[in-house]
Amino acid sequence: MTQVSTPAEAATKITGRAVAGQRSLSSGVTEVVLDSGDTVVVKRGHARNATPAEAAGLRWLGEPGAVRVPEVRGHDGEWLVTELVGGGRPTHHAAERLGRGLAELHAAGAPAFGAAPPDGPADAWIGLAPMENTPGEDWPTWYAEHRVLPYVRRAVDEGILNGDEAAAIEQACARLPEVSEPPARLHGDLWNGNVLWGAVEASLIDPAAHGGHRETDLAMLQLFGCPLLDRVLAAYQEVAPLADGWADRIGAHQLFPLLVHTVLFGRSYAGQAVAAAKAVGR
């Protein structure tokens, strides 16, 4: 088998088209113009299963037609080629459409909390951090065991969290809110950088898709800032009203992304994670 070592080679291998031009978008991500005039994005997986997980996640999120995600043009296990979705300035129309679309996407559901997308690996990723997709029926137990505590243990092992901080987060896991809603179909890494705005609609990229609680996606949007978030949430609520007290549960849902950032980027996020943990159940 011919070894593929560049984005241009990957684009040609996967699409069958020659490359007319390219430009780097970020580390590991390249915009490639094919000789057909079509422009695609070529992304190299950073680790085992990263590319298959992302491809499966994009297909699963795109299946309901609720939100726009890049069409997967193909992958070979290491390289992923997708449609180019344009960026732009956020508009009220696009924000409201995103809110309605997220509500419909979440309602499309998942087989279980922690369920991987069809054909997606259980050993997946959120950004550069490993994420285990192990199904569970009880949200508080599943969320603690598979979305919070693995990152607490890693942070302690690496000296990022001390014993008292880890204990505060572990105590929060015993106070997680009960959930009476079915598993939602989550993007899973819904921070503002993964929302590409356009005048008509926003597109979602780089998912860590899995079955989870719908409030987790919304809490992540709030954690890292989202333009016109009030419009997004209002439109969401019109389609699928959130359960009473949802605002009080935001910290619980933010534990997961805060701990992922703690293990990836260090102490700068540890304090936020501990503060969120101490607010759970109050």
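Contact, on this tour, means heavy atoms within 4.5 Å. A couple of ground rules: this is a predicted model, where local features need pLDDT of at least 70 and side-chain atom pairs count only at pLDDT 80 or more, while totals for chains, interfaces and linings use all residues. Residues are numbered from 1 along each chain as its sequence is written, and side-chain values use heavy atoms, with hydrogens and water left out.

**Stop 1: His261**

Select His261, which sits in helix H8, residues 250-265. Helices (H or I, at least four residues) and strands (E, at least two) are DSSP runs, numbered from the N terminus. Is His261 buried or exposed? His261 has a relative accessible area of 15%, so it is buried; the cut-offs are under 20% for buried, over 50% for exposed and partly exposed in between, with a 1.4 Å probe and protein chains only. Setting aside neighbours within four places in sequence, His261 is in contact with Phe224, Gly266 and Tyr269.

**Stop 2: helix H6**

Now select residues 214-223, helix H6, where nine of the ten residues are buried. Among the buried ones are Arg214, Glu215 and Asp217. Just past H6, click on Gly225, which takes a positive phi of about 85°.

**Stop 3: the nonpolar cores**

A nonpolar core here is a set of buried Ala, Val, Leu, Ile, Met, Phe, Trp, Tyr and Cys residues joined through side-chain atoms within 4.5 Å. Which members of the largest core touch the most others? Select Tyr151, Ile169 and Leu255: of the 38 residues in this core, those three touch the most other members. Elements that each supply at least two residues to this core include helix H4 (139-157), helix H5 (163-173) and H8. H4 gives the most, with nine residues.

Zoom in on Ile169: leaving out neighbours within four places in sequence, its contacts include Val148, Leu255, Leu259 and Ala273. Then look for a second, separate core of 31 residues, which includes Val69, Leu102, Leu204 and Cys226.

**Stop 4: Cys173**

Head to Cys173 in helix H5. Cys173 is buried, at a relative accessible area of 14%. Not counting residues up to four places away in sequence, Cys173 touches Ala144, Val148 and Leu149. Draw a line from Cys173 to Tyr151, C-alpha to C-alpha: the two are 13 Å apart in space and 22 residues apart in sequence.

**Stop 5: stacked rings**

Select Trp139 and Tyr143, which both lie in helix H4, four residues apart, about one turn of the helix. Both are buried. Rings of Phe, Tyr and Trp (its six-membered ring) pair if their centres lie within 6.5 Å; planes under 30 degrees apart count as stacked, over 60 as edge-to-face and the rest as tilted. By this rule there are five aromatic pairs. The ring centres of Trp139 and Tyr143 are 4.6 Å apart with planes at 20°, so this pair is stacked.
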